[in-house]
Amino acid sequence: MLRKLSGDPDCKNGTCPTLWGTEDAQDYVVQGYVVTDPERLAQLGLPDGESAVVVPASVLEGYFRAHR
């Protein structure tokens, strides 16, 4: 079970970038925009089974601001 920790404050449709926490509070799941730019992907050098997403700073800042 995931729990929503922070979302894009400008979201209008409810399916925007979001930070989720796992039930055991050991991991985070990040929902964001898939990185498709070949140059950025080459810089990351992702191994098989991994992908990258872009998340607005406001999503992460909102979470950390709430947990200070």
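Let me start with the link between cysteine 11 and cysteine 16, which is right-handed, with 80° about the S-S bond. What you see above is a predicted model, in which local features need pLDDT of at least 70 and side-chain atom pairs count only at pLDDT 80 or more, while totals for chains, interfaces and linings use all residues. Residues are numbered from 1 along each chain as its sequence is written, and side-chain values use heavy atoms, with hydrogens and water left out.

The disulfide between cysteine 11 and cysteine 16 has an S to S distance of 2.2 Å, where a disulfide is a pair of cysteine sulfur atoms within 2.5 Å, and by that rule the count comes to 1. Are its two ends buried or exposed, taking buried as under 20% relative accessible area, exposed as over 50% and partly exposed as in between, with a 1.4 Å probe and protein chains only? Cysteine 11, at 24% relative accessibility, counts as partly exposed, whereas cysteine 16, at 11%, counts as buried.

Turning to the aromatic rings, the count comes to 2 aromatic pairs, where rings of Phe, Tyr and Trp (its six-membered ring) pair if their centres lie within 6.5 Å, and planes under 30 degrees apart count as stacked, over 60 as edge-to-face and the rest as tilted. The rings of tyrosine 28 and tyrosine 63 have centres 6.0 Å apart and planes at 75°, so this pair is edge-to-face. Because tyrosine 28 lies in strand β3 (residues 28-31) and tyrosine 63 in helix α2 (residues 57-66), the pair ties together parts that are 35 residues apart in sequence; helices (H or I, at least four residues) and strands (E, at least two) are DSSP runs, numbered from the N terminus. Tyrosine 63 is buried, with a relative accessible area of 10%, and it also forms an edge-to-face pair with phenylalanine 64, at 5.1 Å centre to centre and 75° between the planes.

Finally, a word on threonine 22, which sits in the loop between β2 (18-21) and β3. Threonine 22 is buried, with a relative accessible area of 12%. Which residues does threonine 22 contact, leaving aside its neighbours within four places in sequence? They are Met1, Leu2, Arg3, Asp27 and Val29, with contact meaning heavy atoms within 4.5 Å.
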